[in-house]
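Here's a quick tour of the structure, stop by stop. Keep the viewer open and follow along.

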Amino acid sequence: MTPTFLSVGECMVEMAPFDNDLFKMNFAGDTLNTAWYARQLLPVDWRVSYCTCIGEDQLSAQMHAFMEASSIDTSHISTVPNRTVGLYVTQLDGGERSFTYWRENSAARRLAARSDHIEAAFVAAGIIFFSGITLAILPEADRAVFLDQLEKARRNGVQVAFDPNLRPQLWENEDVMCRQIMAAARICDIVMPSFEDEARYFSDENPQKTVNRYKKAGANLLVVKNGPNDILLSTFEGQTTVQAQRAAKVVDTTAAGDSFNAGFLAKLLADETPVDAVQYGSKIAAQVIGQRGALVDLDPDLLK
Ligand SMILES: O=C(O)C(=O)C[C@H](O)[C@H](O)COP(=O)(O)O
């Protein structure tokens with residue numbers, strides 16, 4: 001059977017600032033970004049599949065065509081009549097990004113509305129990747145359906161990887177966000193949080209506290225990203241810090257974490273050591289933040 005990397009979540013229209021106050025339209029979203037980079041970084045015998053919902057309008061068709069052209073498998077994308085895809089605009093402040101969204105009524109919010117849709121995607125996967133944003137956009141009842149199906153897939157041997165990607169503006173409130181993130185972490189093998197966010201919303205004093213909290217929840221492989229600072233890696237064998245790759249220049253930090261996740265998971269799935277996988281993920285992220293937008297061309301040397 002073809003090994004499948006399945007990413008689940010929401011892809012949006014991205015408007016990212018380029019030169020002369022012009023904005024460039026693209027398609028992006030944390031889980032799609034990870035799938036897009038993973039497609040380039042995983043061996044060709046892997047299938048990279050994206051699970052979401054889109055509308056039936058022209059913009060949705062364009063997004064679908066973009067994924068196909070990027071060699072991402074679209075067989076787990078369903079359509080929802082009378083809805084369209086979400087949109088976000090990136091604002092840059094000295095290279096640091098922030099996002100404004102128009103996604104309250106997006107088709108992707110229905111991605112777990114039919115449990116057979118996600119079930120079919122999950123059973124076909126070797127590894128499932130999702131994020132806190134995947135959960136944040138779902139109606140409350142669908143979150144439970146999503147996590148139930150995930151647990152079932154995991155019991156059947158599928159690996160589960162999770163980036164908490166904390167976005168309080170997408171949740172009902174911070175309490176709900178923190179509770180749901182920890183409920184999700186309980187059914188994950190690999191958790192890849194970013195310390196800056198975790199410190200802010202879980203009051204972790206240092207990356208060690210972040211590791212301890214997710215380990216207690218049950219995850220056995222943890223990578224705590226920390227911007228340009230050391231990355232903390234915790235595995236079955238113990239833990240270590242890995243120096244982050246310095247970026248030659250920081251132009252736009254959008255998708256730093258998403259591209260790191262793709263590089264890290266691609267090397268793990270190729271049976272490299274977790275330390276090598278962290279170093280590789282960090283190299284990919286350093287490249288990505290040197291260019292504008294979420295999806296950027298990678299140095300061909302990195303793809304070898
Ligand atoms: O916020 C969302 O919903 C998005 O998906 C927009 C962005 O593409 C990612 O958030 C970027 O993620 P970072 O790697 O954390 O920079």
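## Ala256 and helix H9

Ala256 sits in helix H9, and this is a predicted model, so read it as one. With a relative accessible area of 24%, Ala256 is partly exposed, because the buried class stops under 20%. Leaving aside residues up to four places away in sequence, Ala256 touches Ala285 and Ile289.

Lys267 is buried yet has no salt bridge. What is the nearest side chain of opposite charge to Lys267? That's Glu272, 4.0 Å away. Glu272 is also on the contact list of Lys267, along with Ala277 and Tyr280, again not counting residues up to four places away in sequence.

## How confident is the predictor?

The mean pLDDT of the protein is 96, and 100% of its residues reach 70 or more. For the complex, the predictor gives an ipTM of 0.94 and a pTM of 0.97.

## Salt bridges

How many salt bridges does a search of the whole structure find? The count is 9. One of them joins Arg103 to Glu10, with the closest N and O atoms 2.9 Å apart. That pair links distant parts of the chain: Arg103 is in the loop between S7 and H3, while Glu10 is in the loop between strand S1 (4-8) and strand S2 (12-17), 93 residues apart. Arg103 is buried, at a relative accessible area of 2%, and Glu10 is buried too, at 2%.

Lys225 and Asp163 also meet in a salt bridge, 2.9 Å from N to O. Here again distant parts of the chain are linked, 62 residues apart: Lys225 comes from the loop between strand S11 (221-224) and strand S12 (231-235), Asp163 from strand S9 (residues 159-163). Lys225 counts as buried at 7% relative accessibility, and Asp163 is buried at 1%.

## The nonpolar core

The largest nonpolar core has 106 residues. Those with the most contacts inside it are Phe5, Phe122, Phe130, Phe146, Phe264 and Leu265. Phe130 is worth a click: its contacts beyond four places in sequence include Val8, Leu135, Phe146, Leu150, Val160 and Phe162. Asp163, the salt-bridge partner of Lys225, is among the residues Phe130 touches as well.

A search of the whole structure finds 0 disulfides. Cys51 is buried, at 0% relative accessible area. For Cys178 the closest cysteine sulfur is in Cys188, 16 Å off and also too far for a bond. Cys178 counts as buried at 14% relative accessibility.

## Around S7 and H3

Glu104 lies in the loop between strand S7 (96-102) and helix H3 (115-123). Is Glu104 buried or exposed? At 58% relative accessibility, Glu104 counts as exposed. Its C-alpha is 9.9 Å from that of Val85, 19 residues apart in sequence.

Ala120 is in helix H3 and counts as partly exposed at 39% relative accessibility. The C-alpha atoms of Ala120 and Gln149 are 9.8 Å apart, with 29 residues separating them along the chain.

How values were computed. Residues numbered from 1 in each chain as written. Predicted model: local features only at pLDDT ≥ 70, side-chain atom pairs only at ≥ 80, totals over all residues. Heavy atoms only, no water. Buried < 20%, exposed > 50% of the residue type's maximum accessible area, 1.4 Å probe, protein only. Lys, Arg positive; Asp, Glu negative; His and termini not counted. Contact = heavy atoms within 4.5 Å. Helix = DSSP H or I, 4+ residues; strand = E, 2+ residues; numbered from the N terminus. pLDDT = per-residue confidence, 0-100. Core = buried A, V, L, I, M, F, W, Y, C linked by side-chain atoms within 4.5 Å. Disulfide = S-S within 2.5 Å.
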